[in-house]
Amino acid sequence: MFKDMFSLNGRVALVTGGSRGIGKMIAGGFLAYGASKVYITARKAGPCEETAKELTAAYDGECIALPIDMSTVEGCNKLAEEIMKREPKLDILVNNAGAAWAAPFDEFPENGWDKVMNLNVKSLFFLTKALAKPLRAAATKDKPGKVINIASIDGLSVNPLETYSYQASKAAVIHLTRRMAAKLIHDNINVTAICPGAFESDMNAAARDHGDSVAKAIPSKRIGRPEDMAGIAIYLASRAGDYVVGNSIAVDGGIVYANLSLPVAGE
């Protein structure tokens, strides 16, 4: 009954934005727990291919780079086509690719709004739609397919930083996760979301460059580690998470639900 609950043995996954940060943590975790293939995407070919080589060397499974800009619907369709050329079935999709923009309220530019909303919300939806066929092909009642959206604690509570489009986009991802879950569960596909707090990444420069200072405002008194992010993703992707549908889970050391002070920067 409880044997191999967290195993991803033989599964095929796609992690967008997988060349660094949270995406790389998740891709490595999937391979460590038995995924046979993990495709990763990034705009820049060099870092994407370097990460794929690094992760392939470190684990038994294969990490495959697909350097594609998926900031447009055309890019999402191209990525889906590349996956479907290679795989008839896709067990796991992690929608992690994202962008952020900070500017004062009175100066916030339209392009800072559109860039973030397009990638964080629009591309997430249209890539999932484009990959519906291989996701449905892999999914059964006893082994549901998995779509895991990477949101942020900034979609759960207000961050004092003036990242208006980012915070709005992550709140949208959380609600979109619920709506997609209500549809795709009928195809045996579970849709869930992860809401990261402070993890070391290029998007969260404060946690990357000043982790000790950031940790002081976190109830757990530390920033997130790679195994914290990999752990929640493995749980949701594996049999252990087969009965979790539509949830958005904060992984933040207690910032949102166990902190009486203002939250720090998310993701």
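Buried means under 20% relative accessible area. I write that down before anything else, and I also note that this is a predicted model.

**Entry 1: N120**

I looked up N120 and found it in helix α4, residues 110–130. Its relative accessibility is 2%, which is under 20%, so N120 counts as buried. I then asked which backbone atom the side chain of N120 reaches. The side chain of N120 reaches the backbone nitrogen of A99, at 2.8 Å. I listed the contacts of N120 next, leaving out residues up to four places away in sequence. The list holds A97, G98, A99, Y166, S169, K170 and V173.

**Entry 2: G112**

I stayed in helix α4 and looked up G112. Is G112 buried or exposed? Its relative accessibility is 0%, so G112 counts as buried. Setting aside neighbours within four places in sequence, I found G112 in contact with W101 and S165. I also checked A102, which is 10 residues from G112 along the chain. The C-alpha atoms of G112 and A102 are separated by 7.9 Å.

**Entry 3: α4 against α6**

N120 and G112 both turn up again where α4 meets α6. I looked up how these two helices pack. The angle between α4 and α6 is about 15 degrees, and their axes are 9 Å apart. Angles under 35 degrees count as roughly parallel, so α4 and α6 are roughly parallel to each other. I noted the crossing of α4 and α6 as right-handed.

Which residues of α4 meet α6? On the α4 side I wrote down G112, W113, V116, M117, N120, V121, L124, F125 and T128. On the α6 side, the residues include Y164, S165, Y166, S169, K170 and V173.

**Entry 4: aromatic rings**

I turned to the aromatic rings. A pair of rings is described by the distance of the centres and the angle of the planes. The count comes to three aromatic pairs. One of them is F105 with Y164, with 5.7 Å from centre to centre and 70 degrees between the planes. This pair is edge-to-face. F105 is in the loop between β4 (92–95) and α4, while Y164 is in helix α6 (residues 164–184), so the pair ties together parts that are 59 residues apart in sequence. F105 is exposed, with a relative accessible area of 59%. Y164 is partly exposed, at 31% relative accessibility.

F125 is partly exposed, with a relative accessible area of 35%. F126 counts as partly exposed too, at 27%. F125 is also one of the α4 residues that meet α6.

Which residues form one aromatic cluster? I found F105, F108 and Y164 in it.

**Entry 5: α1 and its partners**

I moved on to helix α1, residues 21–32, and helix α2, residues 45–58. Their axes come within 10 Å and cross at roughly 30 degrees. That makes α1 and α2 roughly parallel to each other. The crossing is right-handed. K24, A27, G28 and L31 of α1 meet T51, E54 and L55 of α2.

I then looked up α1 with helix α9, residues 226–237. The axes of α1 and α9 come within 8 Å and cross at roughly 60 degrees. I noted α1 and α9 as oblique to each other. This crossing is right-handed. I22, M25, I26, G29 and F30 of α1 meet P226, M229, A230, A233, I234 and A237 of α9.

**Entry 6: D202**

Last, I looked up D202. It is in the loop between β6 (189–196) and α7 (205–209). Is D202 buried or partly exposed? D202 is partly exposed, with a relative accessible area of 44%. I also checked D202 against G21. They are 181 residues apart in sequence and 6.8 Å apart in space, C-alpha to C-alpha.

Technical notes. Residues numbered from 1 in each chain as written. Predicted model: local features only at pLDDT ≥ 70, side-chain atom pairs only at ≥ 80, totals over all residues. Heavy atoms only, no water. Helix = DSSP H or I, 4+ residues; strand = E, 2+ residues; numbered from the N terminus. Buried < 20%, exposed > 50% of the residue type's maximum accessible area, 1.4 Å probe, protein only. Polar contact = N/O pair within 3.5 Å; in protein donor to acceptor, adjacent residues only side chain to side chain. Contact = heavy atoms within 4.5 Å. Phe/Tyr/Trp six-rings, centres within 6.5 Å; stacked < 30°, edge-to-face > 60°. Axes fitted to C-alpha atoms, helices over the stretch in contact; angles between N-to-C directions. Parallel < 35°, antiparallel > 145°, perpendicular 65-115°, else oblique. Left-handed = near helix turned anticlockwise from the far one by under 90°.
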